[in-house]
Amino acid sequence: MNYVATDKAAAAIGPYSQGVVSGGLLYSSGQIPLTATGELVDGSIGDQTHQVFSNLKAVLAEAGSSLNDVIKTTVFIKDMNDFAALNEIYASYFGDHKPARSTVEVARLPKDVKVEIEVIAKVNK
């Protein structure tokens, strides 16, 4: 196993890594809307989702992967009423690529954010 760490995404806020590469796959930790400097993006579901994707892209790039290599995502959302807005932004990042996905409404997320996303992706290096 190889641990993934990049300063272009928020550092882990607990005893875990940003991602782990094993068997040619990246398993990312859930990304929340923290900037690379650790500032919370407090705003709409749209603002937070854009930051989450910025973090995911940085972790994927560090591992030698990209959004086009994502096989599966898990989306944790605080309020399912935000699903349509989140879905529109999510689709803009993946385009025609359609990874498998689960979306779950949860009672609470770290730092009381509105969204957290984790991915499994193929690694190309």
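Predicted model: local features only at pLDDT ≥ 70, side-chain atom pairs only at ≥ 80, totals over all residues.
Colleague: In which element does Thr49 lie, and with which residues is it in contact beyond its neighbours in sequence?

Modeller: Thr49 belongs to helix 1; helices (H or I, at least four residues) and strands (E, at least two) are DSSP runs numbered from the N terminus. Once neighbours within four places in sequence are set aside, Thr49 is in contact (heavy atoms within 4.5 Å) with Leu86, Ile89 and Val115.

Colleague: Across which strands do helix 1 and helix 2 lie?

Modeller: Helix 1 lies across strand 1, strand 2 (19-22), strand 3 (25-28), strand 4 and strand 6 (115-122), and its angle to strand 6 is about 25°. Helix 2 lies across strand 4, strand 5 and strand 6, at about 155° to strand 4. Such angles run from 0 to 180 degrees between N-to-C directions, with axes fitted to C-alpha atoms, for helices over the stretch in contact.

Colleague: How is an aromatic pair to be read, and how many are there here?

Modeller: A pair of aromatic rings is described by the distance of the centres and the angle of the planes. Rings of Phe, Tyr and Trp (its six-membered ring) pair if their centres lie within 6.5 Å; planes under 30 degrees apart are stacked, over 60 edge-to-face and the rest tilted. By this rule there are four aromatic pairs. One of them joins Phe53 to Tyr90 edge-to-face, at 5.9 Å centre to centre and 75° between the planes. Phe53 is in helix 1 (residues 45-63) and Tyr90 in helix 2 (residues 83-94), 37 residues apart, so distant parts of the chain are linked. Both Phe53 and Tyr90 are buried.

Colleague: Why is the pair of Phe53 and Phe94 edge-to-face?

Modeller: The ring centres of Phe53 and Phe94 are 5.7 Å apart and the planes stand at 75°, which makes the pair edge-to-face. Since Phe53 lies in helix 1 and Phe94 in helix 2, this pair ties together parts 41 residues apart in sequence. Phe94, like Phe53, is buried. Ring pairs connect Phe53, Tyr90, Tyr93 and Phe94 as a cluster.

Colleague: What is the order of the strands in the sheet?

Modeller: Strands of a sheet pair through backbone hydrogen bonds, either parallel or antiparallel. Here six strands form an open sheet of mixed pairing, in the order 1-2-3-6-4-5; two strands pair if DSSP finds at least two bridges between them. Strand 1 (2-4) and strand 5 (100-105) are the edge strands, each pairing on one side only.

Colleague: Which strands run parallel, and which antiparallel?

Modeller: Strand 4 (residues 70-77) and strand 5 run parallel, joined by six bridges; Thr74 stands opposite Ser102 there. Strand 1 and strand 2 run antiparallel over three bridges, with Asn2 opposite Val21. Strand 2 also pairs with strand 3 in the antiparallel sense, over four bridges, and Leu26 in strand 3 is the bridge partner of Val21. Strand 2 and strand 3 form a hairpin with two residues between them, and Gly23 in the turn has a positive phi of about 60°.

Terms used:
Residues numbered from 1 in each chain as written. Heavy atoms only, no water. Buried < 20%, exposed > 50% of the residue type's maximum accessible area, 1.4 Å probe, protein only.
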